[in-house]
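Good morning, everyone. Please have the sequence and the model open while I talk. I'll start with one chain, then go to its partner and the contact.

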Amino acid sequence: MKKLIAGLLLLAGVLAGCSSTPTKEQDGAAVEDRSPSAEAPAKPATKPSDSGVTSKPLGTSSVSANPLKDPNNILSKRSIYFDYDSNIIKDEYKPVVTAHAKYLSQNRAAKVAVQGNTDERGSREYNLALGQRRADAVKQMMQLLGAGAAQIEPVSFGEEKPRAQGSSETAFSENRRADIVYQGE
Amino acid sequence: MNFSHLINKLSAVFWFVLLAVPTASHAVLTIEIIGGGASQTPIAIAPFRAEDGLAQKITPVVAADLARSGLFKIIDAGGMVPMPYEPDQVNYPQWRARGAEAVVIGTVTLLPDGRYDIRFRLMDAVKQTQLAGFVYFATAAQLRLTAHKIADVIYQKLTGDAGVFATRITYIVKKGKRFELHVADADGYGAQTVLASNEPIISPAWSPDGTRLAYVSFEQKKPVVYVQSLTTGGRQAVANFWGSNSAPAWAPDGRRLAVTLTKDGGSQLYLINADGSGTPTRLTTNSAIDTEPNFSPDGQSIIFTSDRGGSPQIYRVAASGGQPQRLTFEGSYNVSPRHSPDGKSFTFIQRNGNRYSVAVQDFASRQVQALTDGGIDESPSFAPNSKMILYASEVRGRGILAAVSSDGRVKQRFTEDAGDVREPAWGPLISK
């Protein structure tokens, strides 16, 4: 029953994500002008496999911008935060997951690791599995939005690599997190 | 109430070091004993003849081992004239007057080849008979080990259980941003760093013969299971599949490991070969978390943590697979199960509110006993004689190691003077 609800919430999230970000999707052209650093090494400047999509130099100012690093681009947002003991992707993080799913679907050579994290309470190995569940949830949503399964490796750090130190609720909530990290970053 | 402190210090010596070279550490584990056994055997340990000249005296180590167990009361042997070294020199009424029920005597002789001939006898002071007598040939470097073996014989003779003083433990020390995998004697001496890394290391597990460690390292930006030889230092990734790889547990045959893999989605149990060859065999199939496997001593079954019932609980499954059976029912968070080597019970961590404590559950009666008051206790593992449980705890925000007897009466605290200590595992008995 719990899983069914979780599944429905996830599906609802996917639908909400799809419909709530059309304006961002218009930035797709800019996303397509990716910088070499976001790519696996030794790729040609133009990618023949994407039918109808060619990259070409634009003006001097915008060509070097890497959308993944551009602080004004939603793709620079990489963290999804979770409630205690939860792997439900909250509404406020759906646009982030959606944007990365879109990017991956349009950049088939791009690969990411989704790194799940937990707070420090409880068994290290069990927390590793809980972190994995968060990473899996992000991967699942990205896949439903068109990213390829092989583009996303969900892994877990459990409680081992806390971003915030200490045993306060503030630290705990900072550490209940999944991060999206592009290959080569 | 018996309350004694044993402060022992020795600089750590490194055998070999992998990855980056760690700076020399002077970290020492110090052991503090709290509480004592229901009954303590009063025992006198007479200094061995000619041990004064040794770089490492024998009898203080024997006395410290026995005292640490909580099952012995060490009777002062000072001022006995003449000090006995042979059975016919033991003046039993004098020892009985001091309260001793057993007396240990012995000799040390330097041999022409540079080794030492070490003889000891355990005498029953009441019946005035010899309970045990052994001779050891040891190099100077083996003197501590010889002392532990003598303590093992005495412990076994007087309690009926195997002694575990000559065993080793492993644990992880976090120093700033560095992680070190240590192997030390069971009394905390002689710690060696066998692996150092800038990324976390967790879940070390001893091979049944004590020659290898399996563990999880995050050096590849994800959890990967490695097996490392303690004799050669060589190491190999044995589970490095898509996703996360963790929670290694040795099969008693030393050839297979149970691990948690996520390659097929979710955290599930698999069996792999300990040399990394072949394809993993899937052991559990469900959409819940299954992790922290641990083989029964006979290799027939595996206990593990699963949240298939809605909260993490301990389950048991046949090593060949099949339908798991739930073992824990009290409370909403029971994790990290480990069998007792005698196969009769398992230890685990149970949560009550915000407190995590070490507990044991008897397989036959299903009786649960909490052994610690709880704080932040983690990672329990039995000593090979099933009498003590080593675990990680926290004091003032710093990780320490602690041990508790399986009846909860004797408690020991190991503190390291530098760093945060966690993830202990007690090694097996080594024959020879």
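Chain A first. Its secondary structure comes to six helices and four strands. Helices (H or I, at least four residues) and strands (E, at least two) are DSSP runs, numbered from the N terminus. Read from the N terminus, the order in chain A is α-α-α-β-α-β-α-β-α-β.

Some ground rules. This is a predicted model, where local features need pLDDT of at least 70, side-chain atom pairs count only at pLDDT 80 or more, and totals for chains, interfaces and linings use all residues. Residues are numbered from 1 along each chain as its sequence is written, chains are lettered from A and ligands numbered from 1 in the order in which they are written, and side-chain values use heavy atoms, with hydrogens and water left out.

How confident is the predictor? pLDDT is its confidence in each residue, from 0 to 100. Chain A has a mean pLDDT of 77, with 65% of its residues at 70 or more. Residues 1–50 of chain A are below 50, and this stretch has 56 contacts in the model beyond near neighbours in sequence. Contact means heavy atoms within 4.5 Å. Where pLDDT is low, the predicted coordinates should not be read in detail.

Now the whole of chain A. It has 185 residues, and 49% of them are buried. Buried means under 20% relative accessible area, exposed over 50%, partly exposed in between (1.4 Å probe, protein chains only). Take the contacts between residues at least 6 apart in sequence: 73% join residues at least 24 apart.

Let's zoom in on one residue. Where is A:Glu159? It is in the loop between strand E3 (152–158) and helix H6 (169–175) of chain A. Is A:Glu159 buried or exposed? It is buried, because its relative accessible area is 8%. Leave aside neighbours within four places in sequence, and its contacts include A:Thr118, A:Asp119, A:Ser123 and A:Arg124.

Over to chain B. Strand E8 (residues 168–175) and strand E9 (residues 178–185) of chain B pair in the antiparallel sense, over eight bridges. Two strands pair if DSSP finds at least two bridges between them. The hairpin of E8(B) and E9(B) has two residues between the strands, and B:Gly176 there takes a positive phi near 60 degrees. E8(B) also pairs with strand E31 (residues 420–426) of chain B, antiparallel, over five bridges. Follow B:Ile172. Its bridge partner in E9(B) is B:Leu181. Its partner in E31(B) is B:Arg422.

There is also an open sheet of four strands in chain B, in the order E15-E16-E17-E18, with antiparallel pairing. Its edge strands are E15 (245–250) and E18 (281–282), and each pairs on one side only. E15(B) is joined to E16 (residues 256–261) by four bridges. Across that pair, B:Ser246 stands opposite B:Thr260.

Last, where the chains meet. The contact takes 35 residues from chain B and 28 from chain A. Together they bury about 2500 Å², 52% of it on carbon and sulfur atoms. Buried area is the accessible area (1.4 Å probe) that two parts lose on being put together, summed over both. B:Trp242, B:Ile289 and B:Glu378 supply 21% of the area that chain B buries against chain A, more than any other three residues.

How many salt bridges cross this interface? The rule finds five. A salt bridge is a side-chain nitrogen of Lys or Arg within 4 Å of a carboxyl oxygen of Asp or Glu. In one salt bridge, the side chains of B:Asp307 and A:Arg133 meet at 2.8 Å, N to O.

Note on methods: pLDDT = per-residue confidence, 0-100.
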